[in-house]
Amino acid sequence: MAGEGSTPAHTTAEQVARESYGRLLAHLAIRWRDLAAAEDALAEAFAAALEHWPRSGIPAKPESWLLTVARRKLVDAARGAALRRREDVLLQLSEAVDSPASFKEDFGDERLRLMLVCAHPAIDASVRPALILQTVLGLQVKEMAGAFLLSSETLNKRLVRAKAKIKLAALSFEDPTVEQLDSRLSILLEAIYAAYFIGREGTLVDGDANDQLGGEAVYLASVVVSLLPQNAEALGLLSLLLFCEARRPARVDAEGDFVPLLEQDAQLWDRSMLERAYELLQRASLLSTQGPFQLEAAIQAAHCYRLRAGETPWREIALLYTSLVDSFPTIGAVVGMAVAVAQAEGLPSQGIDILRRIAPHEVENYAPYWVAMSHLTQATKEEAKRHLRRALDLTTHPRLRRHLEKRLAQLG
Amino acid sequence: MQYMILFNQEAKELERGRDDPSSADYWEAWRAYMTDIYAAGIVKSGNALQPPFSATTLRIRDGKRQVHDGPFADTKEMLGGYLVIEVSSLDEALEWAARSPSSFTGSTEIRPVMTMNAGP
C-alpha cells in the first residue's frame with residue numbers, strides 16, 4: 001500500500017490503509033468467503049485510488065469508495081470465473097450499501113472474525129502469525145519474512161497455501177460458537193504473542209528487522225482488547241506486551257549491545273507505557289479468570305517493580321512462576337522458575353535441580369536453558385563456560401551472539 | 001460444501017471380526033455413529049472397506065507397472081472406510097468427525113470434495 005510520492009492522494013490512501021485496511025478486508029472476505037480474492041480486489045482498489053484521486057479529487061468517504069471498487073473487482077473476477085448466477089445478487093448487494101453515512105458506523109468492525117478465521121486450528125500453526133499480520137494490517141511478505149527467518153518466497157508460498165485452504169475447505173467465517181470461542185481465542189492470542197517474539201529466540205532481544213513487527217503485534221493485541229474489553233487473557237496479553245515494549249529503550253546500550261533485563265537502567269523505561277500495562281493487568285485481575293498471559297504479565301510487572309522499589313521482588317516472581325508452571329507448563333516457564341527460585345533463596349543449587357529435572361531432549365536446542373544453566377553454575381567457571389558455549393551455538397541473532405561472547409570473555 | 005471423511009485406524013482395529021464377542025462395543029460404537037450421521041440427512045455416499053491386507057497398490061514408473069501388495073503407505077493407520085457428507089463448513093464437518101469412533105483410536109481426515117466450479 002505504501003507508495004513513494006507524497007501527494008495528498010497518496011497520503012490519504014496511506015492513512016486509510018493504515019487505519020482501515022483490516023476492516024475493509026474483513027468486510028469483503030467475510031461476505032465473499034475467499035480471503036485471497038478479497039485481498040486481490042482490495043489491492044486493485046488501492047491501486048485505482050492512487051490513479052484516480054490525484055485527478056478527480058479525494059472522495060468524501062474514501063473507505064466507501066475503496067469498498068465499492070473492490071466489490072466491483074470481485075464481481076468482475078467472479079464473472080470471469082463463470083459464476084454468473086451469483087452475479088445479480090452481488091450487484092444488488094454492492095449497490096445497496098454504496099452510500100453509507102460513515103464507514104465505521106455502517107460496517108462495524110469484523111476484524112476479530114477475520115482474525116479468528118486465520119487462527120483456525122485447521123491452519124498450519126507456523127503461518128498463523130504472519131497470516132494475521134498480513135490480513136489485518138496489510139503487512140507485505142517482504143516486511144515480515146526476515147523476522148520469521150524465512151525467505152520471502154517461502155513465506156509467500158505458505159500464506160498462499162493457507163488462504164487456498166480457507167477457501168477450498170470452506171472454513172467458517174461465522175462467529176465461533178460459545179464453546180469454540182475460548183480455544184479459538186487462545187490460539188489467536190498465541191499467534192499475536194508469537195508475532196511479537198518471533199525471531200527473537202525466546203528472549204526479549206530487539207532485532208532490527210523485528211522492531212516494526214513488535215509494534216504491529218502490540219497494535220493487534222490492542223485491537224483485540226478494544227473488541228473484547230471483558231476478556232481477561234486479551235487484557236493480559238496486551239499488558240504483557242506493553243511491559244516488554246516499555247523496556248525497549250533500555251534493552252540496547254549506546255554501543256548497540258544487548259542489555260539483559262537485570263542489568264538494565266530502570267530509569268530508561270517508558271513510565272507512561274508501564275502505567276498502562278499495570279492498569280490493564282489490574283482490569284484483567286478484576287475479571288477473576290486465570291490464564292497464562294495474565295501470569296506472564298504479572299511476572300513482568302514484578303520485574304518492573306524494581307523502578308519503584310529499587311530491587312527485584314524475587315520471592316513474588318518465584319511464586320508467580322511456580323503457579324505458571326503448575327497450571328500452564330512450558331519449558332520457558334520452568335527455566336524462568338529455576339532462575340527465580342535460585343535468586344529468591346540465594347541458592348543456585350535449587351535452580352540447577354529444577355533445570356536438571358527437564359528431559360534433556362526438550363532443551364537440547366533451547367538456548368535460554370543453557371544461558372540459565374551457565375548463570376547458575378558461575379561458581380565453577382569451566383562448567384559455566386561450557387553451558388554458555390552451547391547457548392552460543394544455538395543463537396543466530398547477531399546482537400544476542402555479541403552479548404553471549406562478551407559474557408564468555410568475562411568468565412575468563 | 002461436500003467433504004469426504006476418511007476413517008483411519010490401525011490394522012488390528014480394521015481386522016476385528018464382526019462376530020468376535022470382544023468386539024461388541026467396537027461395532028456398537030460404529031453402528032450408533034452411522035445411524036446418527038445418516039439420520040442427519042447429510043450423507044451423500046460412502047463405504048466401509050475390506051481390511052488393508054486385501055489392498056493392492058499400483059504405480060507406473062518408466063512406463064512399467066509396479067504392483068504391490070498392501071496399501072500405499074507404510075504407516076500404522078490405514079483407511080478403513082469413508083463417507084461423503086454435505087455440510088456448510090469445515091467446522092460442521094469437524095463436529096461429525098469428532099464423533100467418529102476412529103477419532104478415539106486412530107484418526108479422521110476431512111477433505112473438501114472438488115466440485116466443477118471450485119478448482120484447486
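**Notes on the predicted model**

1. Tyr21(A), Gly22(A) and Leu25(A) in H1(A) meet Thr135(A), Val136(A) and Leu137(A) in H7(A), where two residues are taken to be in contact if their C-beta atoms, placed from the backbone, lie within 7 Å. By class, this contact of H1(A) with H7(A) has four nonpolar, two polar and no charged residues; here Ala, Val, Leu, Ile, Met, Phe, Trp, Tyr, Cys and Pro count as nonpolar, Asp, Glu, Lys and Arg as charged, and the others, Gly among them, as polar.

2. This is a predicted model, in which local features need pLDDT of at least 70 and side-chain atom pairs count only at pLDDT 80 or more, while totals for chains, interfaces and linings use all residues. Residues are numbered from 1 along each chain as its sequence is written, and chains are lettered from A and ligands numbered from 1 in the order in which they are written.

3. The axes of H1(A) and helix H7 (residues 128-137) of chain A come within 6 Å and cross at roughly 100°, the axes being lines fitted to C-alpha atoms, for helices over the stretch in contact, with angles that run from 0 to 180 degrees between N-to-C directions. H1(A) is therefore roughly perpendicular to H7(A), given that angles under 35 degrees count as roughly parallel, over 145 as roughly antiparallel, 65 to 115 as roughly perpendicular and the rest as oblique.

4. Chain A has 22 helices and zero strands, where helices (H or I, at least four residues) and strands (E, at least two) are DSSP runs, numbered from the N terminus. Of its 412 residues, 42% count as buried, a residue being buried if 20 or more other C-beta atoms lie within 10 Å of its own, exposed if 12 or fewer, and partly exposed in between, with C-beta atoms placed from the backbone.

5. The domain assignment of chain A gives domain 1 (8-106), domain 2 (110-228) and domain 3 (237-249 + 260-312), with bounds that come from an automatic or database domain assignment. Between domain 1 and domain 2 of chain A, 13 residues of the former are in contact with 13 of the latter. On the domain 1 side, helix H1 (8-32) and helix H2 (35-56) of chain A each supply at least two residues, and the largest share, nine residues, comes from H1(A).

6. Which way does H17(A) run relative to H18(A)? The axes of helix H17 (residues 331-345) and helix H18 (residues 348-356) of chain A come within 7 Å and cross at roughly 165°, which means that H17(A) is roughly antiparallel to H18(A). The residues of this contact divide into ten nonpolar, two polar and one charged.

7. Arg158(A) lies in helix H9 (residues 152-168) of chain A and is partly exposed, because 18 other C-beta atoms lie within 10 Å. Not counting residues up to four places away in sequence, Arg158(A) touches Asp124(A) and Val127(A).

8. Chain B has four helices and six strands, and from the N terminus on its elements run β-α-α-β-β-β-β-α-α-β. Of the 120 residues of chain B, 16% count as buried, and its C-alpha atoms fill a box of roughly 50 × 45 × 20 Å, taken along the principal axes. Residues 24 or more positions apart account for 75% of the contacts in chain B with a separation of 6 or more.
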